[in-house]
Amino acid sequence: MLQTYFETLTDERQTWKIKHNLLEIVVMTICAVITGCDVWEDIEDFCRVKEQWLKENLHLELKNGLLSHDTMQRVWSMTHPEEFEK
């Protein structure tokens, strides 16, 4: 599963504010980018259209639903690129 490659990413978000799983965000973003999405709004749209597919085929829980493109951008701005590259 794609998620296993990113289990070691550091999550810099404030614990009490976390509503969305970091690994799910990473997987959704990668899937969207692979299909040609290159801006946050397109990534959000992709996730909305493919929500059921993401749940059924990639077994994402999406407990608190999908996140907005603004939230995705904020989460990604806190990641460490060197960790992601590993």
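Among contacts in the protein chain (heavy atoms within 4.5 Å) between residues at least 6 apart in sequence, 59% join residues at least 24 apart. Before going on, please note that this is a predicted model, in which local features need pLDDT of at least 70 and side-chain atom pairs count only at pLDDT 80 or more, while totals for chains, interfaces and linings use all residues. Residues are numbered from 1 along each chain as its sequence is written, and side-chain values use heavy atoms, with hydrogens and water left out.

Let us start with the fold. The protein chain has 5 helices and 0 strands, taken as DSSP runs numbered from the N terminus (helices H or I, at least four residues; strands E, at least two). Read from the N terminus, the order is α-α-α-α-α. The radius of gyration, over C-alpha atoms, is 12 Å, close to the 12 Å that the globule rule (2.2 Å times the number of residues to the power 0.38) gives for 86 residues, so the chain is as compact as a globular protein of that length. Its C-alpha trace spans about 30 × 30 × 25 Å along the principal axes.

Of the 86 residues, 36% count as buried, that is, under 20% relative accessible area, with exposed meaning over 50% and partly exposed in between (1.4 Å probe, protein chains only). The chain exposes about 5800 Å², and carbon and sulfur atoms supply 50% of this area; the areas come from the Shrake-Rupley method with a 1.4 Å probe. For one example, look at Ile 34 in helix 1 (residues 22-34). Ile 34 counts as exposed because its relative accessibility is 68%. Ile 34 and Lys 63 lie 29 residues apart in sequence and 24 Å apart in space, C-alpha to C-alpha.

On a 1 Å grid over the protein atoms alone, a cavity is a set of points where a 1.4 Å probe fits but cannot get out, and a pocket is an open set with protein on both sides within 12 Å along at least five of seven lines; lining residues have an atom within 4 Å of a point. The structure holds 1 cavity of 30 Å³ or more, and the largest cavity has a volume of about 30 Å³. Its lining includes Thr 10, Asp 11 and Leu 22. The largest pocket has a volume of about 240 Å³, where volume is the space filled by probe spheres set on the points, which are joined across faces, edges and corners. Among the residues lining this pocket are Lys 17, His 20 and Arg 74.
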